[in-house]
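Please consult the sequence and the structure shown here.

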Amino acid sequence: KALAEALPPRALAWREKELVRAGADAINRVLETKNKVKNEYPVALIAGGRDVLLPSVDEVKRLSKYFDKTQIIINKNGGHVLLDELNLCNILVDMQIIKLPPPLTRINAFLEPKSQLERILLGAKRIVSPVFFSTNVKSGQRNIGLSELPLSSLSENKKVILVGNHQLFGLDGPLIVEEIVRTRRILIPALVYPPLLEDESPLAPIPYPLPGSAATLRRFGAIPAGAKSLIRALENQKAALVFPGGAREVFKRRGERYELQWPAEPTLIKIAMKQNATIIPFSAVGLDDFFADFIADSDDLLANSFTGPFFQERVSNLPSFVNNDVFVPPLMLPQVNGPRRSYFLFHRPLDFSDFQKTNSTNQEEALLHFYAQVKKTVQHGISLLLQARKDDPFEGNLFSRLAYESLLATRAPISFELPNQEVLD
């Protein structure tokens with residue numbers, strides 16, 4: 001059914017006749033007149049190992065005999081619609097057709113899982129099948145992908161802070177960092193709760209965070225949350241990923257789905273202003289619905305006579321950035337239809353030209369106004385995504401989503417568009 005919807009019978013028949021047969025005959029006549037094509041540049045022959053429509057792997061092996069400087073690339077998990085998921089730019093860089101400075105010159109190798117935990121995270125990404133949107137700075141048009149995310153300014157020594165909501169158990173951070181690395185070739189340091197960077201969990205022998213988390217976070221550039229760390233990241237890497245709600249939003253309580261739990265003080269805005277950094281707000285949904293409901297939230301576990309003393313002893317000396325941000329993971333019930341799909345929306349940037357437009361009589365009031373505008377943009381984006389996802393037929397059913405993506409080896413499509421963003425959403 002999924003294949004029929006993606007490629008109706010008439011379209012399939014036309015492609016088979018006009019593209020496959022007629023096209024192949026024309027190309028083969030040209031190739032058969034020459035022993036080998038003398039090409040100046042390297043040739044990449046790319047095929048999906050799971051192409052169920054055409055014998056692509058056999059075909060690239062056959063074609064390699066006709067060209068010099070050939071490299072065969074088999075994406076073992078790729079299907080027929082290969083370039084929907086494969087980043088052609090990364091391949092051209094790896095073949096040294098395009099040359100980029102270090103450190104991210106071999107993205108495919110960098111993103112290859114290096115540990116069991118990274119393989120688990122890759123599996124989790126497949127389960128939630130994330131969809132990313134970014135917003136054109138001038139028009140406000142929201143498009144799928146991160147091509148509109150204004151990160152090219154980093155090469156001009158301009159600074160950027162990505163600021164948004166955190167979700168249950170914090171998988172959103174790795175998803176965002178990996179997507180930016182994969183599509184934009186930039187490694188943005190994420191500020192994370194400091195105990196996550198320790199090799200031994202403060203909750204041991206409870207295996208949370210999962211073994212290997214610290215090594216993986218460090219490999220992807222994570223740094224401990226805090227004002228000094230943010231300033232260093234902006235001075236050294238010119239960018240940072242910040243979740244103001246931190247552990248408080250990662251370990252939400254009952255009834256707090258998609259609620260912001262940000263600090264009252266606009267410290268983040270003060271740092272951004274002093275560093276002359278542009279803030280790009282983002283909104284995300286899906287991971288607060290990864291599970292169905294709470295068995296016990298953090299407050300329940302701390303109040304319980306059996307589990308309370310253990311957790312109270314372990315978290316009493318841990319740092320706190322937001323009121324009541326205890327490092328106590330809740331116990332959850334699974335979703336009957338599996339985890340729901342994830343969506344990320346990056347909004348237009350907010351810079352301090354907007355700050356100058358405020359009618360506030362003093363700087364502190366203006367800072368609070370700007371901070372409130374960032375929060376308002378994030379909250380509006382959350383509401384927008386929650387409403388829009390209702391029109392995605394693959395959103396709420398993991399099994400149909402996985403079936404489609406396994407068959408065609410490409411991300412299940414979405415059937416909605418997001419409205420343009422106004423200047424002040």
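In which sense do E3 and strand E4 pair, parallel or antiparallel? The sections below take up this point and others.

## Basis of the description

The model is predicted: local features need pLDDT of at least 70, side-chain atom pairs count only at pLDDT 80 or more, and totals for chains, interfaces and linings use all residues. Residues are numbered from 1 along each chain as its sequence is written, and side-chain values use heavy atoms, with hydrogens and water left out.

Helices (H or I, at least four residues) and strands (E, at least two) are DSSP runs, numbered from the N terminus.

## Strand E3 and its partners

E3 and strand E4 (residues 142–144) pair in the antiparallel sense over 3 bridges; two strands pair if DSSP finds at least two bridges between them. Thr 135 stands opposite Arg 142 in E4. The hairpin of E3 and E4 has 6 residues between the strands, and Gly 140 in this hairpin takes a positive phi near 80°. E3 is also joined by 4 bridges to strand E12 (residues 343–346), and these two run parallel. Here Phe 133 stands opposite Leu 345.

Because 5 of the 5 residues of E3 (residues 131–135) are buried, the strand is largely enclosed by the rest of the structure. Buried means under 20% relative accessible area, exposed over 50%, and partly exposed in between (1.4 Å probe, protein chains only). Val 131, Phe 133 and Thr 135 lie on one side of E3, with Phe 132 and Ser 134 on the other.

## Helix H9

In helix H9 (residues 227–236), the buried residues are Ser 229, Leu 230, Ala 233 and Leu 234. The face turned away from the buried side carries the exposed residues Lys 228 and Asn 236. Lys 238, which follows H9, has a positive phi near 70°.
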